[in-house]
Number of protein chains: 2
Amino acid sequence: MNTNVQGIPGDKMHAQIDSPIMDYLHDLRDRFAGLDAGDIADYIPELAKASSGSFGISMATTEGHVYEVGESHHEFTIQSISKPFVYGLALEDNGRADVLGKIGVEPTGEAFNSISLDPHTGQPANPMINAGAITAAGMVMGHDNDKKINRVMDMLSAYAGRPLSLDEGVYLSESQTGHRNRAIGYMLRNFNILEEDPAATLELYFKQCSVSVSCRDLAIMGATLANAGINPLTQERAIRGEYVESVLSVMGSCGMYDYAGEWIYKVGMPAKSGVAGGIVAVLPGKLGIGVFSPPLDKRGNSVRGIEVCNRISMDFNLHMFNVVQPGKSVIRSAYDGSHISSKHLRKAGDRARLQQEGQRIRVYEIQGDLNFSTTEVIVNEIVSRSSGADYFIVDLKRVLTLDQSACRLFYQLLLKLADTDKQLLFTNCDTWPELGKYMRRRLKVNDRASWQSFEDDYALEYCENRILNNAEVAAVTMPLDSFELFDGLSADEIEVISGRLKKQAYRQGETIIKQGEPASQLYLLAQGQVSINITLPGGKIKRLATLSPGLVFGEMAWIERSERSAAVTVDADALCYKLDIADFDAMMADHGAVKVKLLENLLRLFSRNLRKANTEIGVLS
Amino acid sequence: MNTNVQGIPGDKMHAQIDSPIMDYLHDLRDRFAGLDAGDIADYIPELAKASSGSFGISMATTEGHVYEVGESHHEFTIQSISKPFVYGLALEDNGRADVLGKIGVEPTGEAFNSISLDPHTGQPANPMINAGAITAAGMVMGHDNDKKINRVMDMLSAYAGRPLSLDEGVYLSESQTGHRNRAIGYMLRNFNILEEDPAATLELYFKQCSVSVSCRDLAIMGATLANAGINPLTQERAIRGEYVESVLSVMGSCGMYDYAGEWIYKVGMPAKSGVAGGIVAVLPGKLGIGVFSPPLDKRGNSVRGIEVCNRISMDFNLHMFNVVQPGKSVIRSAYDGSHISSKHLRKAGDRARLQQEGQRIRVYEIQGDLNFSTTEVIVNEIVSRSSGADYFIVDLKRVLTLDQSACRLFYQLLLKLADTDKQLLFTNCDTWPELGKYMRRRLKVNDRASWQSFEDDYALEYCENRILNNAEVAAVTMPLDSFELFDGLSADEIEVISGRLKKQAYRQGETIIKQGEPASQLYLLAQGQVSINITLPGGKIKRLATLSPGLVFGEMAWIERSERSAAVTVDADALCYKLDIADFDAMMADHGAVKVKLLENLLRLFSRNLRKANTEIGVLS
């Protein structure tokens, strides 16, 4: 479709396309703009002035992307939508227990203006009815009422990601006509639910309801709740994460007045509506939706707002109880140490031993989210294998989220395995420092060593070393005729080469080869241990291989006569034989047959390394 | 810790360990066994007989693992826990609209035995109060009452994964003393909510409440709801998936009587309790919990059951609004065609061109769950790059779940890109046939070709071919001196080898090399195209490489003198030159220098392939 680039007008070809999500929202707005039902709130003149045609929709994601159509910047008063946010502040200021002592969390099934106090205790049924919201406002901390009001303004502004302001006209009107709310305030004072003069608390309440917001603000405020309390645009924390689930719970059970049950049934997202025509809805972990359209139904919810949220939920499967069957397991692949080996290249005898005993090591590559139920799958698998292996390596490289319950289950599994002298090891958990913290905090001093975390395949190498029982590097020099490079060569032929080799000793920590330097030597490792590393663009060092005596290195750049693509450093005092490329080239004159044998052996080594690489690609992909 | 294997008693070392989850549940039971509060229901003598010490806990996962401690097999009557399940059957039998026409979904905030009918319509407030549950029972389909009862029994048995039976004693008692429920039945008949004689419906209702279950059964029934309606042990479907969210919604908003709000606030899982002391709780997508302990609090919920669920929720972060911040993006890696190339190995000129123009191809490797919000991230990224590239490849290999909204967004993105003659291609979507179905169903006949799905790196090869404009294989024969294998050889030296080569033509579809056969030839591809494939253990064929003229194949087994590890088949009529290993060996006698040059060139090819493999490993891991 796109072979003939010339045929396409340049501006069409090279312009950025519009997001299909914007198209969707435009369609949605067009679809419901014609819906005329509902009446604008008119209990104060300021609200009655709203235009019934005003209609904006916005969505904000926890990644910080905002989509908006229509009157998405038009400001209106937040009204009851302030209630869950102020309730969150009351939780932060007083703790959950004190707040639950004053305000219940039971839905009433009654209308938005019902009083719903417990006849005996005077406790409001929940914080979404006016009585509960006034009580929550009374629990906001501050030296004086101005401080409290400022704290509420700052808190709402942190959610919105911009400084919000007060609609003075609406506030004055609310204050002048708020007789019913004053009655509630004094009733709460009577029951000692409000412990101070209700006048100041009511002023705070009228002000919190009179804050101006747009539906774009509401979407971002919802996304902040969806994002565990952190505004996804400004990265500012608006509420401590531990209280977010409480705020969402009361929105979920009581947010839409006496429509709350049907809302959860149909839309399936915690939400809150306001009498000025706003609705905020939250899909935890994912997004916030803000809608503005003033005409209300008889329950006080925006008519178009309900339809829009209902439609978005249906079209994009956003109901919180809509479960998608997993297509793949949390265990991406499982293998044992007889199939895959670490980057520590071993001599033939060790290779054979690992092939035989490698099944004592089991490696699990984990993917996706680690929570109670996915970690249970891993724990179950390891428990069922616990009689057949001694080392269990859990690779967290592909894990996307990890919660406390995963830490807890892994910790308990580690203890159980340690009881039978088996080991649970973790790799690639640098993204999840909380796992190590959890372990270290709980393990007794003597058991600290049972928590071990590694990068890449070092855990596998550690287990191989335990099986081979050769964590210590032997201090004997490998004779030349034991090198695979010399397979099939007679003693005389080896003598021919040996005369051309230069011996050199290196100390631990020394660099034998630098990345980028020209190559002239082929190295034969006779004693000690070296590692081949590359420096990644970010500066991180990645191991390509570790070599034991009897192996060669530096062969790639040597044969290509190119620059060194990796560095070689000494892990344990090493002794090398070096073969200069010029000396090797010169061998043709007198010893062509030896040269050919060496080249053929080198080709076999390359071929084996290539097969190992292909196997690794097969396992990885 | 585990080096001295000999020191460990054999039975400890080789026995399977217990699951830490079992340890946890034992501790939990011990902890709450001493909690004496609450009273056993005594409105019928059969319930009063229960022992206040009976206490069982069970958890079942959507993977089908069941954990249980205490009296987990002790049977008791299901009572009100039958309500959400029968409501689900009513939804299946009548559809959502008809059921919502008769039974509301609003929580009442009232006690478990309240009547709660709408004063005007007689509609019960929700299906979890007795009036709503009796109405739901009346909507179960069946020729006669026995058929209906059998259908209810079968449905409950499908959830539990075993045939459940009726406790006749409890049933007779319930029937004899159910005056209040009879009153409700006749009130419902009066409002025409029940359209038939209420006596039969009440009998059905009394029977559904008298079904015997254990808390193990309840856990599995919960896990079946958590698993979108499919019993995770038997794989039998107990309810159509589309109604599961409705059942969970009413459990979430009204499942725990007038404790529903506090339950969602603290425990955060849809749940239902019964007066015999059972509780079932559901964490959608993850697990079901069943608890049995007869003493009830004043709201009619099992005292120990509430504490156990509360504790499990807290200990394992199971509150449904507890959001874990993702540690990693849904886009695992993104690269363009100048950095990574397909397995189609190209000649030098084509390689250079792809290095230059490769950024016209962008590849996205996706991981985790694809739903609205994660797909939005991908769409947003591609939209923002849409002016800079022509081909966008989305690799779904590491995707764990994919829902309809992801299909919808990808479909809309595909259309938008096609408008500017750009292409959206998908790879590795065989796990997600619904994506292709979604696309094909909606694309107009003319546009069908814009949906293309590939395996592995065939999408990348397709795009490379479009850029190189060489989808057609040229029918010219590559001269020998253009082969990289002969770099640095003089015309005379090439002549030496050419005399040893045998020419052979192959037709499309033919197999040149079979996997497993002994190797004696090295192949030079002079015309056409071949692919190297291995057959995986499952029988699937995987491409290792595709070759264009000028390249060699069969070199690995040839140099190792081993069996062929892969097959080579002809993609387009091919012409090859073959070099027999015996002829090559014999060259040493007369033409040692030529042989060395060939070996060195082969080593360089191996070295290049090894570098390519290492790069691929770096990108993959």
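This is a predicted model: local features need pLDDT of at least 70, side-chain atom pairs count only at pLDDT 80 or more; totals for chains, interfaces and linings use all residues.
User: What pLDDT does chain A average?

Analyst: Chain A averages a pLDDT of 90, and 95% of the residues score at least 70.

User: Which elements of chain A have the lowest and the highest mean pLDDT?

Analyst: The lowest mean, 54, belongs to helix 1 of chain A, residues 10-14. The highest, 98, belongs to strand 4 of chain A, residues 212-213.

User: Where does pLDDT stay under 50?

Analyst: Over residues 1-10 of chain A. For that stretch the model has 16 contacts beyond four places in sequence.

User: And what ipTM and pTM does the model score?

Analyst: The ipTM is 0.84 and the pTM is 0.85.

User: Switching topic. What rotation superposes chain B on chain A?

Analyst: A rotation of 180°, with 0.0 Å of shift along its axis, and the RMSD is 0.2 Å. That is how a two-fold axis relates two copies.

User: Through which surface do the copies meet?

Analyst: They meet through the same surface, because 99% of the interface residues of chain B are also interface residues in chain A.

User: Now helices. How do you describe two packed ones?

Analyst: By the angle between their axes and the distance between those axes.

User: OK, at what angle do helix 6 and helix 9 of chain A pack?

Analyst: About 25°, with their axes 10 Å apart; helix 6 of chain A covers residues 145-160 and helix 9 of chain A covers residues 198-209. An angle under 35 degrees counts as roughly parallel, so helix 6 of chain A is roughly parallel to helix 9 of chain A.

User: Is that crossing left-handed or right-handed?

Analyst: Helix 6 of chain A passes helix 9 of chain A in a right-handed crossing.

User: Which residues make the contact?

Analyst: From helix 6 of chain A, they are Asn145(A), Lys148(A), Ile149(A) and Val152(A). Helix 9 of chain A supplies Ala200(A), Glu203(A), Leu204(A), Lys207(A) and Gln208(A). By class, this contact of helix 6 with helix 9 of chain A has four nonpolar, two polar and three charged residues.

User: What about helix 4 and helix 11 of chain A, at what angle do they pack?

Analyst: Helix 4 (residues 82-102) and helix 11 (residues 241-254) of chain A pack at about 135°, and their axes are 10 Å apart. These two helices of chain A are therefore oblique to each other. Helix 4 of chain A passes helix 11 of chain A in a right-handed crossing.

User: Which residues meet there?

Analyst: Helix 4 of chain A contributes residues including Pro84(A), Tyr87(A) and Leu91(A), and helix 11 of chain A contributes residues including Tyr243(A), Val247(A) and Met251(A). The residues of this contact between helix 4 and helix 11 of chain A divide into seven nonpolar, three polar and three charged.

User: Over to chain B. At roughly what angle do helix 4 and helix 9 of chain B cross?

Analyst: Roughly 130°, and the axes of helix 4 (residues 82-102) and helix 9 (residues 198-209) of chain B come within 10 Å. That makes helix 4 of chain B oblique to helix 9 of chain B. The crossing of these two helices of chain B is right-handed.

User: Which residues meet in that pair?

Analyst: Ser82(B), Lys83(B) and Val86(B) in helix 4 of chain B meet Tyr205(B), Gln208(B) and Cys209(B) in helix 9 of chain B. By class, the contact of helix 4 with helix 9 of chain B has three nonpolar, two polar and one charged residues.

Methods: Residues are numbered from 1 along each chain as its sequence is written. Chains are lettered from A and ligands numbered from 1 in the order in which they are written. Side-chain values use heavy atoms; hydrogens and water are left out. pLDDT is the predictor's confidence in each residue, from 0 to 100. Helices (H or I, at least four residues) and strands (E, at least two) are DSSP runs, numbered from the N terminus. Contact means heavy atoms within 4.5 Å. Copies are superposed by least squares on the C-alpha atoms of residues with pLDDT of at least 70 in both. Axes are lines fitted to C-alpha atoms, for helices over the stretch in contact, and angles run from 0 to 180 degrees between N-to-C directions. Angles under 35 degrees count as roughly parallel, over 145 as roughly antiparallel, 65 to 115 as roughly perpendicular and the rest as oblique. A crossing is left-handed if the near helix is turned anticlockwise from the far one by less than a right angle, and right-handed if clockwise. Ala, Val, Leu, Ile, Met, Phe, Trp, Tyr, Cys and Pro count as nonpolar, Asp, Glu, Lys and Arg as charged, and the others, Gly among them, as polar.
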